[in-house]
Amino acid sequence: GHLRSTIIGDTLARILAFRGHNVLRLNHVGDWGTQFGMLITHMRETMPAALSGDDSASVDLEDLVAFYKQAKARFDAEP
């Protein structure tokens, strides 16, 4: 189940980091992977400071709901 995916992901992250790639390690256990993936991808493109730990770019729950709705619409429209 979920532990296998975590181990595989960690292994791939370690290999890519060893090869010099900048790796963003995020682990979401459960059936939220697609939704978090869409949200994170959308936020990386529209508000990257919010994911960098920059306190001046704080995001509250209402912002996340809006970002998710935008991400969902975007990814549903893309093939």
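With which side chain does the side chain of His-42 make a polar contact? The partner is the side chain of Gln-70, at 3.0 Å; a polar contact is a pair of N or O atoms within 3.5 Å, and within protein one must be able to donate a hydrogen and the other to accept it, while residues adjacent in sequence count only if both atoms are side-chain atoms. This is a predicted model, in which local features need pLDDT of at least 70 and side-chain atom pairs count only at pLDDT 80 or more, while totals for chains, interfaces and linings use all residues. Residues are numbered from 1 along each chain as its sequence is written, and side-chain values use heavy atoms, with hydrogens and water left out.

**The chain**
- The protein chain has three helices and zero strands, where helices (H or I, at least four residues) and strands (E, at least two) are DSSP runs numbered from the N terminus.
- Its C-alpha trace spans about 35 × 30 × 25 Å along the principal axes.
- Of its 79 residues, 11% count as buried, meaning under 20% relative accessible area, with exposed being over 50% and partly exposed in between (1.4 Å probe, protein chains only).

**His-42 and helix α2**
- His-42 sits in helix α2, which covers residues 33-46.
- His-42 counts as buried because its relative accessibility is 7%.
- Beyond its neighbours within four places in sequence, His-42 is in contact with Phe-67, Gln-70, Ala-71 and Arg-74; contact means heavy atoms within 4.5 Å.
- The buried residues of α2 are Met-38, Leu-39, Ile-40, His-42 and Met-43, and the buried residues of this helix pack against α3.

**Packing of α2 on α3**
- Helix α3 (residues 61-77) packs with α2 at an angle of about 100°, and the axes are 9 Å apart; axes are lines fitted to C-alpha atoms, for helices over the stretch in contact, and angles run from 0 to 180 degrees between N-to-C directions.
- α2 is therefore roughly perpendicular to α3, a term for angles of 65 to 115 degrees.
- Residues making the contact include Met-38, His-42 and Thr-46 of α2 and Phe-67, Gln-70 and Arg-74 of α3.
- The residues of this contact divide into eight nonpolar, five polar and three charged; Ala, Val, Leu, Ile, Met, Phe, Trp, Tyr, Cys and Pro count as nonpolar, Asp, Glu, Lys and Arg as charged, and the others, Gly among them, as polar.

**Start of α3**
- Here a side-chain oxygen of Asp-60 comes to within 3.2 Å of the backbone nitrogen of Glu-62.

Definitions and conventions:
Parallel < 35°, antiparallel > 145°, perpendicular 65-115°, else oblique.
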